[in-house]
Amino acid sequence: FSLSNTKIFDKLLEKATSPLLLEPDWESVLQLCDIVKSQDVPAKYAIQSIKKKFGHENAHVVLSSLQCLESIVKNCGGTIHKEVSQRDMIDALRELAKNGPDIIRDKVLELIQCWSYGLGQQHKIFADTYNLMKLENYRFPPLKESEAMFENSDIAPEWRDDKDCFRCRQTFSTFIRKHHCRACGDIFCDKCSSKQCPIPKYGMDRDVRVCDACYEKLTSGQPV
Ligand SMILES: O=P(O)(O)O[C@@H]1[C@H](O)[C@H](OP(=O)(O)O)[C@@H](O)[C@H](O)[C@H]1O
Ligand SMILES: [Zn+2]
Ligand SMILES: [Zn+2]
């Protein structure tokens, strides 16, 4: 009996943001990152689910949802960064900083500063929001530069879209469905991506769909 991935995500998020927690449940947080990293759950679903927690009346639940957000942004790469940089998320975070208790405001300031420093080039909105909140006289904590580095080498590539299969060039249709290889991120028909295997370097320990070329590389012991 396998719960769909989104149900597993929901249960883990409940656990990681339980009001009964006396300290962060890092085990659940890391499992959340793994699910998002292997793209078993769409980035939008993950980010919107976390954002829903911001309205919880218990400040500890809101704080742990911000900690989940922090870990997912740090570990799950560009697709997640794009979702977090959306206007509705930025506005929700500014709302928390404006009206939330000090522990929430300080956590939001830490995140905005860290993302501005580490992701401000790719997502200008983080830098703009940081500068704007400085002008609004928010007092940002000292920046921990080491924690604001976003290493992307072990993040799976974002999925590319196209109208035909990257390998056999067949045009997609109602009958020839699109599929993505988790290793190279290219788009394929089912025939060219019918194999599955784990991709340890991207933290995908379960079998995931890969294209024939990546399957050869990943299973022949060759360094990929
Ligand atoms: O079958 P569809 O309704 O077209 O949806 C496709 C599936 O979700 C594919 O998942 P998969 O790679 O795990 O097969 C995904 O890679 C494609 O981008 C989607 O378009
Ligand atoms: Zn093909
Ligand atoms: Zn591939």
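The four donor atoms around the zinc ion (ligand 2) subtend angles of 99 to 119°, so the arrangement is tetrahedral. Four donors count as tetrahedral if all angles lie between 85 and 135 degrees. The ideal angle for four tetrahedral donors is 109.5 degrees. The structure is a predicted model: local features need pLDDT of at least 70, side-chain atom pairs count only at pLDDT 80 or more, and totals for chains, interfaces and linings use all residues. Residues are numbered from 1 along each chain as its sequence is written, chains are lettered from A and ligands numbered from 1 in the order in which they are written, and side-chain values use heavy atoms, with hydrogens and water left out.

The protein donors of ligand 2 are the SG atoms of Cys165, Cys168, Cys189 and Cys192. They lie 2.2 to 2.3 Å from the zinc ion. Donors are N, O and S atoms within 2.8 Å of the metal (3.2 Å for Na, K and Ca); water is not among the atoms, so sites may look incomplete. Along the sequence, the spacing of these donor residues is C-x2-C-x20-C-x2-C. Cysteine 165 is buried, at a relative accessible area of 0%. Cysteine 168 is partly exposed, at 33%. Buried means under 20% relative accessible area, exposed over 50%, and partly exposed in between (1.4 Å probe, protein chains only).

A further zinc ion, ligand 3, is coordinated at 2.3 Å by the SG atoms of Cys181, Cys184, Cys211 and Cys214. Its four donor atoms subtend angles of 99 to 122°, which makes this arrangement tetrahedral. The donors follow the spacing C-x2-C-x26-C-x2-C. Cysteine 211 is buried, with a relative accessible area of 2%. Cysteine 214 also counts as buried, at 9%.

Ligand 1 is surrounded by Trp159, Arg177, Lys178, His179, His180, Arg182 and Arg209. A residue is near a molecule if one of its heavy atoms lies within 4 Å of it. This shell divides into one nonpolar, two polar and four charged residues. Here Ala, Val, Leu, Ile, Met, Phe, Trp, Tyr, Cys and Pro count as nonpolar, Asp, Glu, Lys and Arg as charged, and the others, Gly among them, as polar. A side-chain N or O atom of histidine 179 lies 2.5 Å from an oxygen atom of ligand 1. For histidine 180, a polar side-chain atom is 2.9 Å from a ligand 1 oxygen. For arginine 182, the distance from a side-chain N or O atom to an oxygen of ligand 1 is 2.9 Å. Taken alone, ligand 1 exposes 450 Å², and the protein buries 56% of that (Shrake-Rupley method, 1.4 Å probe).

Cysteine 114 is buried, at 12% relative accessible area.

How values were computed: A polar contact is a pair of N or O atoms within 3.5 Å; within protein, one must be able to donate a hydrogen and the other to accept it, and residues adjacent in sequence count only if both atoms are side-chain atoms. Four donors count as tetrahedral if all angles lie between 85 and 135 degrees; four count as square planar and six as octahedral if opposite donors are over 155 degrees apart and all others between 65 and 115; anything else is irregular.
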